[in-house]
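Please look over the model shown here before reading on. The notes are arranged by topic.

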Amino acid sequence: MAGPPPSRRARLSGVGDTAFGALPGSSVLGIHAQAARQAIADAGLTQGDVDGVLCAYSLVEPHLMLSSVVAEYLGIRPAYSLGMMLGGATGCAMIMQAAMLVESGRCRHVLVVAGDMRLTGMSRDGAVAALARVGHPQFEVPYGPNIPAYYGLVASRYMHEQGATPEQLAHIAVTMRRHAGLHPGAHMREPITVADVLASRMIARPLRLLDCCLVSDGAAAVVVSAADASGGTRDSRIALLGAGQGHTHEHVSQAPSLTDFGCHEASSRALGEAGVTPAAVDVAEIYDSFTITLLIELESMGFFAKGEAGPAIAAGALGLAGRLPTNTHGGLLSFGHSGAAGGLTHVVEAVRQLRGEADARQVPDARLAFVHGDGGILSAHCSLVLARA
Amino acid sequence: MTEIGKPVPQPTPESQPYWDGCLRGELLYQHCAACNRAQFYPRSACASCGATALEWRRSEGRGTLHAVTVVYRPPSAAFKPDVPYAVALVDLDEGFRMMANVLSAAPEAVAIGDRVTVTFERRGDIALPQFRPCASPGEDL
Ligand SMILES: [Zn+2]
C-alpha cells in the first residue's frame, strides 16, 4: 500500500490537553483554546505559524462552523479550515486529514483540536438523550435503545459466538483504571476490582455501569507539521507512518456483522501503509467506548485471534508490562470521554509514549504506536501508525 | 415527536408505504428483482445493486433473534415505566433484519435464537412493528 515517501511523512510536533473530569467554570471554546495553546507551545511554535485548523463538533455549544469559531477565538487566520464529524473516529480522522494537508504541501502546521463539556455543560439526561439519537430516527430510536443498548446488542452476539465472559470484560475496565491511576489528569483514578465491575448496576445487558465509558469535560489538541517545516519545532521525531479508514454501516441494524467491523480494513490499510505487522506494535491506544468495543476491535484488527483476546486480557496482556500495553492513559473508560476529544486523547498519549514523556506509565523504549478511533456503533473507523525516528 | 411521549417515527416519502402497511397490520419490505435481495429499511434504490425498480412485499412477520439486550437505564423518561425491556435485532424469515422490542413478561429470559412474531403497537398516528415470543411451536410455522 503506497504512502508518502519517508521524507515527506507528516510529523506530530505538539500535543496538549486539559484535565478530564468536571471542569466547572470553563466553556467549550475556552478548553479548546487551552488545549490548542498548549499543543502549539509544546511544538515550539506560535499561533502565527498555524496555517490549518481542523475541529470536530460540540453538543454543548453546537456551532455550525466550529473550526471557524475556534480560529476566531484563538486569533488564528488559517489558510485552510474544516469541521469534521465522524463520532469517535473524528480525532484519528482529523490527524489523517491534517497529514494529507501537510504532505501535499497545502499547509505547514495544522492545528487539530476537539473538546466538549459533556459532564457539567449539559444534564446527564440531556447527554443520554442527545447521544441516543445516533440511532435511526424511524427504525431504531422508537424502540428506546440507549447507547449502551446498541453496544449491548453487539456484546450479546459476540459472547454468544465466542463465549467471552463478563469477567473477561471486567478485566478490561480494571486494567484501564489501573493505567488512569498513573495519569494526574485522568477523570477516574481510584482502583477498581473485577468484583466491583461485576457488582456495578446493569445498564444494558450484558453491559454494566463499569463496562461503560465516562462522561467528562475535556479537550485535546495536536499540531501536525510538514516534514520540511518540522525543523523549527521542539521535537520533530514523531512521524505518521500509516493511516487508514474503514466504513461498513452507520446504524447497528445495518451492520453486516456484529463481530467483525470496519476496524479490520482501517487497521490493515494503516499497518500496510506503514509496512509493519500488529506484532511490531510497542504500545496501542485503541478506542474503548465500552469494554466490548476494545475486545472486538483487538480481535477484528488482528492483535489477537478470534476468541483469544478475552483470556489474554484476563492474564494481563493489556497492562504496562503485558504483551500489548493498551490505553496507557486509561482510555475512555477511565481517563475520560468528552466527544471527539475522547478519541484525540489516544493520539496525545501515543505521542507522549513515543517521546518517552509518559512518566509513571511509560512503556520502556516505545518506538511504534498504533492508534484507533471508531465512531457510531463500531461504524466509522480510522487507524494510525506512529513511530519515533 | 412529543417532548414527553415516546418517539413517534416521522415517515418520509420513501418510507410512507411501509408505515401505511403497518397501519393495515402488514409488515412490508422491499424486494429487488435485479439482484433478488430483500431490503430493509426502505430506500429509493437497492443498496446492493442500485436498481430503482423495487417491489413492496409483505412479510409473514416471523423471525429469529440475532442479538438481544435488556435496557435498565432508558434514553428518556417516557421509557422508564417499561424498564427492564428487551431491544433486539430480528432476522425475518424473508431475509431482512430489523430492530424492535420483544414484548415479553420476562424480558431477561429473551435470548438469541428465540423465534418471534410481529405485532403492532399504536403510537400517535403510527402503528409501530414490535415482536412477541412465539407461544408454541405450532405458532412458528
Ligand atoms: Zn438489487
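Predicted model: local features only at pLDDT ≥ 70, side-chain atom pairs only at ≥ 80, totals over all residues.

A zinc ion is held by four cysteines of chain B: Cys32(B), Cys35(B), Cys46(B) and Cys49(B). The largest nonpolar core has 88 residues. Over all chains, 21 salt bridges are counted.

**Zinc site**

- The zinc ion takes its protein donors from the SG atoms of Cys32(B), Cys35(B), Cys46(B) and Cys49(B), at 2.2 to 2.3 Å.
- The site is tetrahedral, with angles of 101 to 117° among the 4 donor atoms.
- For four tetrahedral donors, the ideal angle is 109.5 degrees.
- The donor residues follow the spacing C-x2-C-x10-C-x2-C in sequence.
- Cys32(B) belongs to strand S1 (residues 27–32) of chain B, and Cys46(B) to the loop between strand S2 (37–39) and strand S3 (54–59), so this pair ties together parts 14 residues apart in sequence.
- Cys32(B) and Cys46(B) are both buried.

**Asp217(A)**

- Asp217(A) sits in strand S7 (residues 217–225) of chain A.
- Its relative accessibility is 0%, so Asp217(A) counts as buried.
- The Asp217(A) side chain reaches two backbone nitrogens: that of Leu119(A) at 2.8 Å and that of Arg118(A) at 3.3 Å.
- Leaving aside neighbours within four places in sequence, the contacts of Asp217(A) include Ala19(A), Phe20(A), Gly21(A), Asp116(A), Met117(A), Thr120(A) and Ser338(A).
- Gln254(A) is 37 residues from Asp217(A) in sequence, and their C-alpha atoms are 32 Å apart.

**Nonpolar cores**

- In soluble globular proteins, nonpolar side chains tend to be buried together.
- Within the largest core, of 88 residues, the members that touch the most others are Ile292(A), Leu295(A), Leu298(A), Phe303(A), Phe304(A), Met98(B) and Phe131(B).
- Helix H5 (residues 147–162) of chain A gives the most to this core, with 9 residues.
- A second, separate core has 48 residues, among them Ala98(A), Val351(A), Leu384(A) and Leu386(A).

**Salt bridges in chain A**

- Arg355(A) and Asp235(A) form a salt bridge, with the closest N and O atoms 3.7 Å apart.
- This pair links distant parts of the chain, 120 residues apart: Arg355(A) is in helix H12 (residues 340–355), and Asp235(A) is in the loop between S7 and strand S8 (238–247).
- Arg355(A) is buried, at 7% relative accessible area.
- Asp235(A) also counts as buried, at 7% relative accessibility.
- Shared partners join Asp42(A), Arg234(A), Asp235(A), Arg237(A), Arg355(A) and Glu357(A) into one salt-bridge network.

**Salt bridges in chain B**

- Lys6(B) and Asp82(B) meet through their side chains in a salt bridge of 2.4 Å, N to O.
- Lys6(B) lies in the segment before helix H1 (16–23) and Asp82(B) in the loop between strand S4 (62–71) and strand S5 (85–92), so the pair ties together parts 76 residues apart in sequence.
- Lys6(B) is partly exposed, at 22% relative accessible area.
- Asp82(B) is partly exposed, at 31%.
- Arg57(B) forms a salt bridge with Glu55(B), with 3.4 Å between the closest N and O atoms.
- Arg57(B) counts as partly exposed at 32% relative accessibility, and Glu55(B) is partly exposed at 40%.

**His337(A)**

- His337(A) is in the loop between helix H11 (331–335) and H12 of chain A.
- His337(A) counts as buried, at 13% relative accessibility.
- Its side chain makes a polar contact with the side chain of Tyr287(A), at 3.1 Å.
- Leaving aside neighbours within four places in sequence, His337(A) is in contact with residues including Phe20(A), Cys213(A), Leu214(A), Val215(A), Ser216(A) and Leu332(A).
- Phe20(A) is in contact with His337(A) and with Asp217(A).

Terms used. Residues numbered from 1 in each chain as written. Chains lettered and ligands numbered in written order. Heavy atoms only, no water. Donors = N, O, S within 2.8 Å, 3.2 Å for Na, K, Ca; no water. Tetrahedral: all angles 85-135°; square planar, octahedral: opposite > 155°, others 65-115°. Helix = DSSP H or I, 4+ residues; strand = E, 2+ residues; numbered from the N terminus. Buried < 20%, exposed > 50% of the residue type's maximum accessible area, 1.4 Å probe, protein only. Contact = heavy atoms within 4.5 Å. Polar contact = N/O pair within 3.5 Å; in protein donor to acceptor, adjacent residues only side chain to side chain. Core = buried A, V, L, I, M, F, W, Y, C linked by side-chain atoms within 4.5 Å. Salt bridge = Lys/Arg side-chain N within 4 Å of Asp/Glu carboxyl O.
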